[in-house]
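Here are my notes on this model, point by point. Please read them with the coordinates open.

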Amino acid sequence: MYPNQRNRRLRQNPALRQLVSENQLTSNDLMLPLFIAEGTEVKDPITAMPGCYRLSLDLLRKELKAVADLGIKAVLLFVKVDDALKDNKGTEAFNPEGLMQKAIRTVKSITPDMVVMTDVALDPYSSYGHDGIVEEGKILNDPTVEVLSKMALSHAQAGADFVAPSDMMDGRVLMIRTKLDKAGFTDTGIMSYSAKYASSFYGPFREALDSAPGFGDKRSYQMDPANRLEALTEALRDIEEGADIVMVKPGLAYLDVIRDIRENVEIPIAAYQVSGEYSMLKAAAEKGWLDHDTVMMEQLLAFKRAGANFIATYHAKEAAQLLA
Ligand code: PBG
């Protein structure tokens, strides 16, 4: 009457369930994005991201020690740039004494073993809030790539382990790889935001960095959420150009894309659970509508199941704490 095989046999108790579990989340899988601000003693809460702050460099010591103690192996750095330093060409982006460059040196001096990855894109530096140089309402590709490669090199010179171009210009990975190699930074890696979609889930992040586009949107360079095959094209091209890690972003709404890429490439894949995803869970939990911790862990595990090797997530500390 019943089949010989009963699937529930394997779910009878915790020991059995753990024995046959296909995926596991550990603190090795977590990368924490950090927002850095100018000044001293600055710990600015980000309204739509409860628990996240813009921190000044002097407060990084305590934060990084805590992060390292939790077993988190990597951070992804973002900076909030003063309006006065913004221009159309992102000149400040490759200032050796800029906030990002100082932040890299600071992190490396406090936690030398922490893997430091840096965001490479012009938006926080752009007077237009776009990831590239603007001319007559258009985002220029090749001149932007030129600036991005200088920016990436300055991050490498400051001590970044990996640079992470998030701009979606064509050809930037190749240009960055070439520039790094020529300057002797053959060991500096590239984590490319390969499949980065034009997403409204980035809203809270743009509040955090005051980097929302001043006109239009980012659809002429970030990907159309309708597209799946295109993500594979992007990833394969980036690998050809020299990417060491490819990333999919946002996360949960794009698990199919992670899986597609997983089945087609051999290099590591990162997933970025972005600001809006974090905000949604915080809001629902605040209302008592979802159980924060279990939903968080379920979501993070979903990235592993989809095929990601690690996850950039604002939940990194909370998750690591639960795993400890
Ligand atoms: C910069 C960048 C963005 C994010 C990461 N790098 C914003 C954007 O592209 O508009 C979003 C991250 C998040 O929402 O958590 N190009």
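1. Start with Arg54. Its relative accessibility is 10%, so Arg54 counts as buried, the cut-off being under 20%. Keep in mind throughout that this is a predicted model.

2. Arg54 has a charged partner. Its side chain meets that of Asp44 in a salt bridge, at 3.5 Å from N to O. The pair links distant parts of the chain: Asp44 sits in strand β2, Arg54 in strand β3, and ten residues separate them. Asp44 is partly exposed, with a relative accessible area of 34%. Side chains of opposite charge can pair when their charged atoms come close.

3. Arg54 in β3 is the bridge partner of Asp44. Strand β2 (residues 43-45) pairs with β3 in the antiparallel sense, over three bridges. Strand β3 (residues 53-56) also pairs with strand β1 (residues 30-37), here in the parallel sense and again over three bridges. On that side, Ser56 in β3 is the bridge partner of Ala37.

4. Now the other salt bridges. How many salt bridges does the count come to? The count comes to 15 salt bridges. One of them brings together the side chains of Lys86 and Asp83, at 3.5 Å from N to O. Lys86 counts as buried at 13% relative accessibility, whereas Asp83 is exposed, with a relative accessible area of 55%.

5. Asp217 and Arg219 form another such pair, their side chains meeting at 3.4 Å, N to O. Asp217 counts as partly exposed at 43% relative accessibility. Arg219 counts as exposed at 58%. Salt bridges that share partners also join Asp123, Asp131 and Lys218 into one network.

6. Look next at Thr313. Is Thr313 buried or exposed? Its relative accessibility is 0%, so Thr313 counts as buried. This residue is found in strand β12 (residues 310-313). A polar atom of the Thr313 side chain lies 2.9 Å from the backbone nitrogen of His315. Leaving aside neighbours within four places in sequence, Thr313 is in contact with Leu30, Met31, Leu32, Pro33, Gln273 and Leu300.

7. Val163 is buried, with a relative accessible area of 0%. Which residues is Val163 in contact with, leaving aside its neighbours within four places in sequence? They are Thr118, Val120, Ala152, His155, Ile176, Leu180, Gly189, Ile190 and Met191. Val163 and Leu77 are 86 residues apart in sequence, yet their C-alpha atoms are 9.8 Å apart in space.

8. Helix α8 (residues 255-262) is largely enclosed by the rest of the structure, because six of its eight residues are buried. The buried residues are Leu255, Val257, Ile258, Asp260, Ile261 and Arg262. They pack against β9 (189-196), α7 (229-241), β10 (245-249), β11 (269-273) and α10 (292-306).

9. Last, the surface. Leu10, Leu19 and Val20 make a nonpolar surface patch of about 300 Å². Leu10 lies in the segment before α1 (14-19). Its relative accessible area is 45%, so Leu10 is partly exposed.

Key
Residues are numbered from 1 along each chain as its sequence is written. This is a predicted model: local features need pLDDT of at least 70, side-chain atom pairs count only at pLDDT 80 or more; totals for chains, interfaces and linings use all residues. Side-chain values use heavy atoms; hydrogens and water are left out. Two strands pair if DSSP finds at least two bridges between them. Helices (H or I, at least four residues) and strands (E, at least two) are DSSP runs, numbered from the N terminus. Buried means under 20% relative accessible area, exposed over 50%, partly exposed in between (1.4 Å probe, protein chains only). A polar contact is a pair of N or O atoms within 3.5 Å; within protein, one must be able to donate a hydrogen and the other to accept it, and residues adjacent in sequence count only if both atoms are side-chain atoms. Contact means heavy atoms within 4.5 Å. Patches are made of residues with over 30% relative accessible area and no salt bridge: like charges are joined within 9 Å, nonpolar side chains (Val, Leu, Ile, Met, Phe, Trp, Tyr) within 5 Å. Accessible areas come from the Shrake-Rupley method with a 1.4 Å probe; for residues, only the protein chains shown count as cover. A salt bridge is a side-chain nitrogen of Lys or Arg within 4 Å of a carboxyl oxygen of Asp or Glu.
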